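Dear colleague,

Please find the structure below for your study. My notes on what was found in it follow directly after it.

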Protein chains: 2
Amino acid sequence: MGPPERAGALAARRDRRSRAARRLNSLPIGVFDSGVGGLTVLRALTEALPQERFIYLGDTARLPYGTKSADTVVRYALQATDQLIERGIKCLVVACNTASAAALPAIRARHPELPEVGVVDPGARAAVAASRSGRIAVIATEATVRGGAYQAAITRLRPQAQVQSLACQLFVALAEEGWSEGAVAQAVARRYLDPLFDVPSPPDTLVLGCTHFPALLPAIRSVLGQSIAIVDSASTTAAVMRELLAQRALGCVDSQPREAASPLPRVQFLATDGTARFAAVGSRFLGRGIDERDVTLIDL
Amino acid sequence: MGPPERAGALAARRDRRSRAARRLNSLPIGVFDSGVGGLTVLRALTEALPQERFIYLGDTARLPYGTKSADTVVRYALQATDQLIERGIKCLVVACNTASAAALPAIRARHPELPEVGVVDPGARAAVAASRSGRIAVIATEATVRGGAYQAAITRLRPQAQVQSLACQLFVALAEEGWSEGAVAQAVARRYLDPLFDVPSPPDTLVLGCTHFPALLPAIRSVLGQSIAIVDSASTTAAVMRELLAQRALGCVDSQPREAASPLPRVQFLATDGTARFAAVGSRFLGRGIDERDVTLIDL
């Protein structure tokens, strides 16, 4: 093969590789949650990554994960991950605190090639950045608190931190009912939070360690006042995903605006049960209306 | 065969039949619920039927049923029924309003030989007996309300009845959290019940159409006052089961007291997830302590 032929072969191989890369890069980002709470994370992702497409899977048939055992949560999370990989994703966001805490190691072990981000480490990072005193309170589901993942993630970043964790199951029901403000939300917030903060040296930072809880921010803020920093995982998780896409050169490479480049919807919704309820309750968490016809019912 | 031989053969056959009947009659009664709420029904059953043994199956891995679609609830209820039949039961109590409303016809169709009782018809019967005006309010889960089963069961018994139904999801979370009294429970009860009862011609009867709700009776009573009749399905369901056992001659026939007659436990508990949580939260609904070691983890 003479020099011109060799140059041509090399160019063709480069071309094939770049076509393959473009195909991979144009795949959506998979987002997985036990239900609709993870839509608060999806919202931050769509804002931070305007070029990207997403598939969101809500395992609504088996929610809540927050009261289930770790073994069960791991099994469910692996099924959801397999389903998203089968449909074609370039990376994964586990947008459920309970599943992030319990199942990320198992997901990594089964799919070492898949770039993935949970919500616990980003939430811990946001807490450590916000806290001056190092006294940090975490509110989450029973399963997340029991697993101690936030405690571990925060003290990895700041070994002297004093972390207190509290399960606040009723906040989940309140957020799903849409009762995020008013007398009931405040009474619940007071009952949960007073014992944590009404003490001589209270925490200076509160981590909302469940994706449902940002919906209750007004009630929580009214109980805690302005001096406590309140952080959640959504925006930090989106920032971590942006870094990851840049590091792995996985960003969507279409030079045209996404809408013009692709006939596919920006976000595809999958739910394992109750598409009408997913659309109705999910709209509150996503911050924009979801049409039930855009939600596909799947079986895991 | 001469007369003495024939008499002997007949006696032997009668004996075999009566041994088979005794075997059937000594089987436990199966009780199925989505989680721990049905333990309020089990409690009434154990009180009303002191000779009987019970197997209670709580599908804790997949609770709550109350926000799931009817198709999914039917599938889960059939799996639970099959599991109980496999373990040997003489009849079935579907101690979950959502599953009673959605799945009893499917259970009957698959197992026409199995005597079974749900909790909706007994609850409707109790309501009709208690109401003078015929204005009846039903509070239940989303799925029970959506299916309209109480409405249908009450108007079958009393065609002129005016039935209003309301989904009260937060009551489930409150009961599970053990917050059955105090400021939060009262604020929630007020928010749900005032629009139903604070009207010119209010209902005179309230049906607690979810097995979790009897736990909240003090808060509900404090909001409604003494003039409203409050009924639930537990004791009526136990009475219906007692009648059914008598009609079918299925009662336990041991003449000795049950404890002496059988080395088996009075109640066997099965849960599909979280035996520790089942024991801890379940004790509140059963009204006596449950030892975690008496709860068997099963997979459906």
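**Domains, chain contact and sheet**

Chain A is assigned domain 1 (3–118 + 236–297) and domain 2 (121–232), with bounds that come from an automatic or database domain assignment. This is a predicted model, in which local features need pLDDT of at least 70 and side-chain atom pairs count only at pLDDT 80 or more, while totals for chains, interfaces and linings use all residues. Residues are numbered from 1 along each chain as its sequence is written, and chains are lettered from A and ligands numbered from 1 in the order in which they are written.

The C-alpha centres of domain 1 and domain 2 of chain A are 27 Å apart. Their contact involves 25 residues from domain 1 of chain A and 22 residues from domain 2 of chain A; two residues are in contact if their C-beta atoms, placed from the backbone, lie within 7 Å. On the domain 1 side, α4(A) gives the most, with 4 residues (helices are DSSP runs of H or I, at least four residues, and strands are runs of E, at least two, numbered from the N terminus).

Between the chains, 19 residues from chain B meet 19 residues from chain A. Helices α8 (169–177) and α9 (183–197) of chain B each supply at least two residues of the chain B side.

Chain B also holds an open, parallel sheet of 4 strands in the order β6-β5-β7-β8, where two strands pair if DSSP finds at least two bridges between them. Because β6 (162–167) and β8 (229–232) of chain B each have a single partner strand, they stand at the edges. Strand β5 (residues 135–140) of chain B is joined to β6(B) by 6 bridges, and V138(B) has S165(B) as its bridge partner in β6(B).

Yours sincerely
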